[in-house]
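Biologist: Could you walk me through this model? I'd like to start with how two of the chains meet.

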Amino acid sequence: MAQVFSRRAGLYLQLVLLALLVLVVSGVIAWRAMTAEPNGMNETVDQPVPFSHKHHVGDIGIDCRYCHASVETSAYAGMPSIATCMTCHSQLFSDQPMLRPLIDAWQSGVPLAWRRVNQLPDFVYFDHSIHVAKGVGCASCHGRVDRMPLMRRTQPLSMAWCLDCHRDPSLQLRPREHVFDMAWAPHDTRALGDALVETYRIDRRKLMDCSICHR
Amino acid sequence: MSSMNDDSWAPWRARLAGQRGHRYWRALEDLAADASFREHVASTMPAWSQVASMDRRGFLKLLGASLAMAGLTGCGRPPEDSIVPWLRMPEGQPDADAIFYATTLCMAGEAVGVLVQTHQGRPTKIEGNPQHPASAGATGPQLQAAILDLWDPDRSMTPRRLGDIGTWDAFAADVGQWRSRFASHGAGLRILSGSIRSPTLQAQRKAWLQRFPGAKWHVHEAIDDRQALAGAQQAFGRPYRCRYRLEKADVVLSLEADLLDGGPAHLAYAWGFAQRRDPERGTMNRLYVVEGTPSATGTMADHRWAISSARIGDVLVEVAVALGMKGLPTLTPSGLSHARIAALARDLQAHRGRGLVVVGACQPPHVHALAHLVNAWLDNAGKTVVYISIDDALPGLAELCRDARAGQVETLFILQANPVYDAPADLDVSASFAKIRHTVHYGLYRDETAHICEWHLPASHPLECWSDAQSCDGSRSIAQPLIAPLYDTRSPHELLALLLGDIEQRGQAIVRNQWKALDDTAWIAALRAGVLPEMESDEPDLPVPADEVLRSWPLRQGQATELVLLWRPDPFLHDGTYANNGWLQECPRPLTQLTWGNAALVSPALAARRGLNTGDLVTLKVRGRALTLPVWVMPGQAESDITVHLGYGRTLAGRVGSEVGASAYILRTQDALWMAAGLELVRADGHVDLASTQSHDRMEGSESVRSSSLTALLAGAAMESAPTPPSLYEATQSGDYAWGMTIDLNACIGCKGCTVACQAENNIPVVGADEVRRGHAMHWIRVDRYYAGSPDAPETVHQPVPCMHCEHAPCELVCPVGATVHDSDGLNVQVYNRCVGTRFCSNNCPYKVRRFNFLQYADLTTESLKGQRNPDVTVRNRGVMEKCTYCIQRIEKAHIQADRENRAIADGEVVTACQAACPTRAIQFGNLKDSGSKVRRTRMSQRHYTLLAELNTRPRTTYLARVRNRHPDLGEDA
Amino acid sequence: MTGFALALLFTGLFVAGIVHLLSTGIGIWGNNIPVAWAFDIANYVWWIAIGMAGTFISAALHLARQPWRAPLNRYAETMTVFAVSISGLFPIFHLGRPWFFYWLAPYPNRMDLWPQWRSSLLWDFFAIVAYLIVSLLYWYVGLLPDMATLRDRASRRWQQVFYGLLAMGWRGEVRHWQRHETLSLLLAGLAVPLVFSVHSMVALDFSEGLLPGWHSALFPPFFVAGALFSGFAMVLVLIIPLRRWYRLDAYIRLIHLDHLAKMMLAAGLVIDYSYAMELFDDWYGQDPYAIAGAMAKFHGPYAWVYWITMACNVVAIQPLWFERVRNTPWALWAVGILVLLGMWFERFLLIVNSLFHDFLPSSAGLFYPTLWDLVFLFGSIGLFFLLLMTFVRVLPLLSMVELRKLAHRLTRRSA
């Protein structure tokens, strides 16, 4: 009786197996992508008010700490209260439709809900104050916000990314006075970094402890 | 107002039917979110809708600024959360990580000054206030657990009239009518309250009585020191309260007085006592304890003698005779050997003015009176014991019930008392109250009493309202709110103001007005410090006792063999007030290691004679009243005594506390509040599996707890058995710090304060009775209790066991994913989010200090409980191993603080939660690399030893051995 | 048929158990602190041990040129594959967070983390996976020619397609045969050392711990012997009824049973020796904790388990010295059953008796199994039988190729 499979069948079978393999691998990759952050890198996030860091930081030149007041003293950088916005916007552009939600919030007393752009998992205990104190520039993690009309995440914020710097902090350090300086660029990073590690007494051993971020 | 009971509610009630625990709350959340439900509510009862919405917004405000609650996210796309900034930035530094405020808490009959930690406006943790004499920086389990009551979802949230939702305005209207009726004189108007500790409330009481001369104010406490006061009355002719100076006493004789862990001022006493227990610093005191049922104080004694509680008085008489006092009654021997009495008397005699005789509040008045005589005779009065004069007692519950039955009471306000549950059974409170026209209950919970009252009014939690308090030692302090009331509640002062017709005045104004003597700077200073400066110089007067009591000494009736029933307050639940607190219910009781229920404590001898085992059901019959509950065979219990603890068997305590254990109040009568002779013990059929956390009570040859006698120690006996064995691996730990802990077993009184403090600090879940039975308890620091010697007169020792943070940690070796590793400070850290839950680490831990989330124990659904969580500590989900971290969040905070300032962490800058809570400072924590640190010094001690040193795990947690200071003449006759 | 239904039922229970486990957590089992491992690991070790004899019989005896094994090896291998697959489930499901089991594998990840190489659990993970893959391959390669035969003999089209796919285009060319032979030889060469490595690794899961009763260098050989022991027991327990039902007496003759019985006896004696040595070590080492552990075996709360183990693994196998016993199938079957029972209890004792009372008296605590513990034990057995029965229905229980070879060899010898 005749064979059901031709001689070529073997080849097809092999192809099918190969296809299966590819399918599985791509499936895994897709799943990893799915379970990444809520908003992707360099993807702007719609906010109740289209706040422009470019305008406020780049053009006007407001210092980061004017709004993110507790960045030097606390784990949280701090979000500006609406009162802070109103210091200017009770006068300026108060009639602009763009600012409507802000004005409404101020009048109704229902605070604005900004959408989070840089989000870390809940089991990660990141502290702004210590990074600022040890000379990690805002721009190092948040990018050139002075060039962002709308805020977006510029770094992966993955553990691997954190560790890159924690393994070898030198390359990311800058003098304390330049921390809030968006445009600052080093000349000889390595030499400067090593010097700063000394002056700021950064304990390299401790930087790689699990306990420094997870509690 | 429409009733909650009409049919229009049926569909909603159906949706809640059968839901319990967090499911119930989830269902409730859904309901609240349901629009149709909201409008139904709005249409039928406007009041409730207000309440509900207020509640939600309250939480929004509350949690707004704070970032997302810590919690493990499983796999799957993480939720996108939003940041809600302040509208107007409040005063102070609202975005700071944590702020402490000083306030005062009244718990278990004492007012203690505390510091409360808040995170973005959420009170999360309570610490002792070092400046407050009643705390001296320490807290106990109850104070630690108080924070949970604030966030308890079972709290009463709204006024109720006959069970329906009501409003304060409606109540005010009712009161208006009643007041008009009482306008003239106020006859038939009564208030029943717990004992009054607040000067403001005291003043309001006076004002109220002036306003209504015919009215009466009654006071009821299920657990008080009225027998002690009566004793003082007998001796001095007027009531005095004793204040002991344990730090000054060389020889202490305690007759059933649980100085260290029971009753008011025990925190201060415990510290005073501990100061005299370190042989390397100053001379050790000697403590004799004679008691019928074991107490924490008894376990610390150098000589503990078990004698039936009914014969304690006789022992005191014998001591007095041996001291050479005259005019004493002649009695049948108490049963305590002559040698012991003689030695004791010699010791007291030899330390005149530096000795102390203390009698427990449960002893009858005449024993107290005799104790006053003895202290005077030994010239201790005014030196180791001072007398504080107090006001005469107010009328009690008995008078109230009598008048009520006589129909003389028309309106009754019950302020934060629960007589329906905790009154003596023979008073029959509910029947008497039924005769009262208007009854109003005001309290934190809608409890047993609330349900028989016309009105129920929700009380603000002490952390929500302004008040003030006076502690037993006379020091006064202000209580300030840590948070705006979560629900539609009022403070007692606001309620009193309302009763006096002042519906405007708010708490702060009332309290401030009480202290108008203070100018604003002094007021602010008082708030900051948490205690007021002594106003009048209180020179304690030195009353002279008269010895009438000796003539009228009651001769003991009944023969020695008959059984005696003793009531004792539960060490945690007290009189039952704290029954709905999961932390307290689940914390193993110091001497029994029992959780979630009470039992009849029976001596081993009696148990053997009656063939009873732990867990067997027995029926206790006394004077025609009967109660059935399980037996607990209690080593060290006097043979004829049987002890039951109060505070259990609540019927309407809440989801946690209802139907736990059996209520011993059922047996209690006015004339026998603490002790009843003629008890019948009948075996009932049935056996209960009691939820105890420790099954093996003896050391079984292991040297886990080492102890020595003072003489041996002075002779130079070292406790460390062997030098640390060598190791093939070089020391890995490399950082600037080497954190270590030392626990002094000579100071630990086993109060479990550390356990609850740890639970509060580290978001440790409550698992419930069944899970405890199944060996799933979650406490990070347990306190082991061992017995040595004969079961009838055992030596009891306590040993707190946190994670040892071994330098050669067996757990780290076996974890396949590296979820438990060392950090450069030498800590053994547990990385929850890396843990996959093989549990090999726990198997390989010789100290078994690791705890596993076998199920989803952390409650992630009950909103209010989230409010209590410490945001610096991850909330662990199911399937994850956890353990003591040496409070790494506190260490890291100190690290960051110090690094920001470019300096090293100072000694004492990091204080672990257990260390902070400990009343006797038994726990030392610090940097072992710092030669000047306290913990380093303890390592040099002669008493220093390592637990299971032979395994060469090199623990960072080590112990100081226990020392007994026995009377030389008695030798080992402990 | 009833057997099949029963197996199906228990498999259903097993699945239900797994669903409940994943949704609720391992708190549904009796495991607690201190006894954090119990049925889960006992089942795992028991199954993986059973999944040993197959590969040993086919591979080791293949290398050792033992032609008589021919009729046994196919179904022994099958048994191995199923047993190992089932045992592989337990290490995964006993995890607190099973969905993260892959964290044990070293793969590039955004956390920049490796597994912890010192842990025996990690190597155990590798060992099982490697063993499963190799035995699966070996089994399948052995099947190929038979598949082809079935394909060619098949009468219905779907059967032709089915077996055709499985045969993977085997055409019986000399090239195929020659590659088939070399591949089988290579895989056999791979499988044999794996057999030993797997069980040494399983043993190290325990001896790496410092618990009295675990911390022993004796374990690896002890476990290998134990695995052979229970493996042969399972082979016997299954083959005796099968040869009866399918009338295989002609192929699987008493001599085979006799050989198996002898090997079981040999392995059993090694086990008994290990028991003796364990006790001797405890006494000789004079470690108080080890001695306490040994005492607990004799008259602790789990003493009954110990005595059952002794009865099954020491006493019950002694009759095998006699040829008459070795040649009476029902007796062998009974002994096999007892041995399987004994080996499970031995694993249970090894785990629980060491854990319930280790160093500090205060942390002692007993283990009580819950209903779900039993569901996982018997459910896995149900699954095993379900797989086996399905196999017997659709695939040749005896390796036709091997038998042909054997027949050929015999005829040539006789000629």
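Biologist: How many residue pairs are in polar contact between chain C and chain B?

Modeller: Between chain C and chain B there are 31 residue pairs in polar contact, both residues at pLDDT 80 or more, where a polar contact is a pair of N or O atoms within 3.5 Å; within protein, one must be able to donate a hydrogen and the other to accept it, and residues adjacent in sequence count only if both atoms are side-chain atoms. This is a predicted model, in which local features need pLDDT of at least 70, side-chain atom pairs count only at pLDDT 80 or more, and totals for chains, interfaces and linings use all residues. Residues are numbered from 1 along each chain as its sequence is written, chains are lettered from A and ligands numbered from 1 in the order in which they are written, and side-chain values use heavy atoms, with hydrogens and water left out.

Biologist: Which helices of chain C supply at least two residues each to the side that touches chain B?

Modeller: Those are α1 (2–24) and α5 (120–153) of chain C, with helices taken as DSSP runs (H or I, at least four residues), strands as E runs of at least two, both numbered from the N terminus. The largest share, four residues, comes from α1(C).

Biologist: And what is the count of salt bridges between chain C and chain B?

Modeller: The count is two, a salt bridge being a side-chain nitrogen of Lys or Arg within 4 Å of a carboxyl oxygen of Asp or Glu. One of them joins the side chains of C:Asp40 and B:Arg839, at 2.9 Å from N to O.

Biologist: How much area do chain C and chain B bury between them?

Modeller: They bury about 4,200 Å², 58% of it on carbon and sulfur atoms; buried area is the accessible area (1.4 Å probe) that two parts lose on being put together, summed over both. In chain C, the residues losing the most area to chain B are C:Ile33, C:Arg97 and C:Leu360, together 17% of what that side buries.

Biologist: Is the peptide bond from C:Ile33 to C:Pro34 cis or trans?

Modeller: That bond is cis, with omega near 15 degrees, and C:Pro34 lies in the loop between α1 and α2 (39–50) of chain C. Most residues other than glycine have a negative phi, and most peptide bonds are trans.

Biologist: Switching to backbone angles in chain B, what is the phi of B:Trp596?

Modeller: B:Trp596 has a positive phi of about 50 degrees although it is not a glycine, and B:Trp596 sits in the loop between β21 (594–595) and β22 (600–602) of chain B.
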